[in-house]
Every structure is written in C-alpha cells, then in structure tokens.
Amino acid sequence: MPTNRQIVLDNRPEAEATASNFKLVSADTPALADGQVLVRHHYLSLDPYMRGRMNDSKSYAAPQPLGEVMIGGTVGEVAESRHPKFKVGDPVVGMGGWQEYSVVDGNAPGLLRKVDTTHVPLSYYLGAVGMPGVTAWYGLTQIINPQAGETVVVSAATGAVGSAYAALAKARGCRVVGIAGGPEKCRYAVEELHFDACIDYREHGDVKAMAKALKEACPKGIDGYFENVGGYILDAALLRTNAFARVAVCGMIAGYDGAPLPLQNPALILINRLKIEGFIVTEHLDVWPQALQELGTLVAQGQLKPRETIAQGIEAAPEAFLGLLKGKNFGKQLVKLI
Ligand SMILES: NC(=O)c1ccc[n+]([C@@H]2O[C@H](COP(=O)([O-])OP(=O)(O)OC[C@H]3O[C@@H](n4cnc5c(N)ncnc54)[C@H](OP(=O)(O)O)[C@@H]3O)[C@@H](O)[C@H]2O)c1
C-alpha cells in the first residue's frame, strides 16, 4: 500500500492562524476491509470554514481535533476497491481531508460520490459544481429569491462562492454588483464573470466611502445582499438596502482571525423591514441535487467559467490556506496532489 503524506492540526492559533499550527506527517495506507475504497486524491479544496474549525470554541460544527488530518473536500480517483459500486479509475468526490489518499467506507451514505467529468472538469466539483456553488445557489434562491430586474450584491465577489453567485443571478435577470479586493479582481468580475459593476473595497475603506460607491453602482438600491465578509462592508450594504430587502449571511471572513465585527446601525433592520438569515449549506442537503444540476448546466453551457488558483503538493496546503484568508487566491483555491 502507498505511503500517505498528511497535514494534521498540530496546535491551535492564538489569534491569526500561522503555518506553525500545521504539521506534515507520513503514514502507511492500511489494507482495505470489505466494503472499503482507497481514493487517490487529485485535488484538495481549501475553504474559509476550515479556519473556524481550528479554534476550540462554540460553533455550528465541532472543532478539528488536534493531531488529526485536517478536514477538507477532495476529488480523485478510485485506486483500489473492495466495494462493488466503485471501480478502479472511477472519478469521485468526498471529504478525504488534507492528505494524498483516503480509505472510505463505500456503504456510508454521502461519504463518496461518483462524478461525471464529460462536461465538468474534476476540480470544479470542489468549487462551482460543489459545495461553494451550492452555497451561492442556496443563499440566492432560498433566501434572497430575487425577481428579474432586482439588484443583488455579493462581497468576496470573485471567489468560489461569489463567481457562482454572479452566474446564477444573471440567469435570473438581476442587476448583479460585486465587491472585491483590487482593480484586477474587479476588472475580471465585470469582463469574465459578467457582473454589471464591481467595487474595489480597498479603494473604499470605510462605511461612508463604500456606501457612496454602492449608491452609484446600485442606483435603484439593493434588493438582495449576499454577505461573505462582514464589518464595514456589511454596514455600508445595509445602508443601501431597499424596503423588504433580503440579506443572506453566508460568511464573515473579515473576522475569522478574531477581529470583532460590530454592526453599526441595527435599526436599519426595522426601518427597512429587512429579512436577514444566516445559513450553513451542509444543513440543506435536500436541495443539493437541484443546485448541482443548475450549476453543472451553467458550466457546460459556458455561462459559468470559474477561475482557480492551484498550489502544488500537499506541503503547500498550509501557506495556500493562509493566503486564502488574506485574499491572495484568485477564484477557487485548490491544492493539486498528483
Ligand atoms: N455558510 C456556508 O455554508 C458557507 C459555505 C461556503 C462558504 N462560506 C463563506 O463564503 C465566503 C466565501 O467563501 P469562498 O470559499 O468563496 O472563498 P473565496 O471567496 O474564494 O476566498 C475568500 C475571499 O475572501 C476575501 N476576503 C478575505 N479577507 C477579507 C477581508 N478582510 N475583507 C474583505 N474580503 C476579504 C478575499 O477576496 P478579496 O481579495 O476580494 O477580498 C478572498 O479571496 C466565506 O466567508 C466563507 O466562509 C459559507
């Protein structure tokens, strides 16, 4: 059986996460028991939620145990199988974690899924046609539920979730405005992702400046806001909401390293009769097939062309992950393992 290089969580961050929180180790892959499948991972997904798991604090999910392989989505191919449903060479998506191989119980529901790579590249099953894409779909269709002609806004606009959000919202006839970091990302948002406008938050570093930029980009106000960041960007977006606007609270990445994110003007929730709803996409597995179907179709038809940033080798995962938390990624952050 092959040797398996793995990244484990060695210790918890004091404030900002650092590379020294992780440790690279090697282990032998065990011999398979009946019903088990050995998967060779081609790509590992890096996602902001992993930062929350590194803390030992109350959250919607249990903390990542110390000394164990970091949690994470993976795509790869079946390298060996003792399960009739999985054959050597089958492309599969699962939660293999930060390691080169995983042994999976083929009978456990939802742990390992075969995917079709005819029209959708394997890596996209970790991004546009995977968890981040479904996240965009859920917040847009189940919480914001926009009508054609409405204005919808998203922060972290060029990332894995934001780019899928743009395609889904354009398909529904919305005016779609993004917020992203830097002129290159904003240009890409408009030229490649078909946002109607994109605001560079680095050029608008406080509530007043951001609210002014949003007013220009959203002349009819904001009907739906998809929050990925938090802080002054959320304050500014709330200032521009129309009556009965919907806010899908998906992420607060500006606070993941511990920075407090106070809400400046909660009275707006009442004044504008806002619906504000947080959600965790893995708690809505019933809608995943419907969402994945639409996302796969958008990719196959060329309406969703997500960008990827790919780090090479398992040893590159910690630095790539820390970069993701600081916006060094451009589109979906992956680690290529083969
Ligand atoms: N609720 C759920 O079930 C769920 C599921 C998946 C993801 N999420 C959340 O969705 C959000 C996006 O996730 P993703 O996977 O698509 O990641 P991503 O957008 O591909 O990458 C994260 C991006 O966040 C932006 N960012 C980081 N720090 C920031 C800061 N201080 N201020 C403003 N922007 C900052 C950076 O973009 P810029 O360079 O443009 O700033 C960075 O590229 C995250 O908040 C994540 O936690 C939630």
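## Two domains

Let's start with the layout: the domain assignment, which is automatic or taken from a database, divides the protein chain into domain 1 (3-127 + 306-336) and domain 2 (131-282). Over C-alpha atoms, the centres of domain 1 and domain 2 are 28 Å apart.

This is a predicted model, in which local features need pLDDT of at least 70 and side-chain atom pairs count only at pLDDT 80 or more, while totals for chains, interfaces and linings use all residues. Residues are numbered from 1 along each chain as its sequence is written, and side-chain values use heavy atoms, with hydrogens and water left out.

## Where the domains meet

Contact here means heavy atoms within 4.5 Å. In these terms, 20 residues of domain 1 touch 13 residues of domain 2. About 1400 Å² is buried between domain 1 and domain 2, with carbon and sulfur atoms giving 60%; this is the accessible area (1.4 Å probe) that two parts lose on being put together, summed over both.

The interface of domain 1 and domain 2 has 1 salt bridge, defined as a side-chain nitrogen of Lys or Arg within 4 Å of a carboxyl oxygen of Asp or Glu. Arg51 and Asp257 form a salt bridge, and their closest N and O atoms lie 2.7 Å apart.

## An enclosed space

The structure holds 1 cavity of 30 Å³ or more, a cavity being a set of points on a 1 Å grid over the protein atoms alone where a 1.4 Å probe fits but cannot get out. The largest cavity has a volume of about 60 Å³, counted as the space filled by probe spheres set on the points, which are joined across faces, edges and corners. Its lining residues (an atom within 4 Å of a point) include Ser163, Glu192, His194, Gln303 and Lys305.

Terms used:
1 Å grid on protein atoms, 1.4 Å probe; cavity = no way out; pocket = protein on both sides within 12 Å on 5 of 7 lines; lining within 4 Å.
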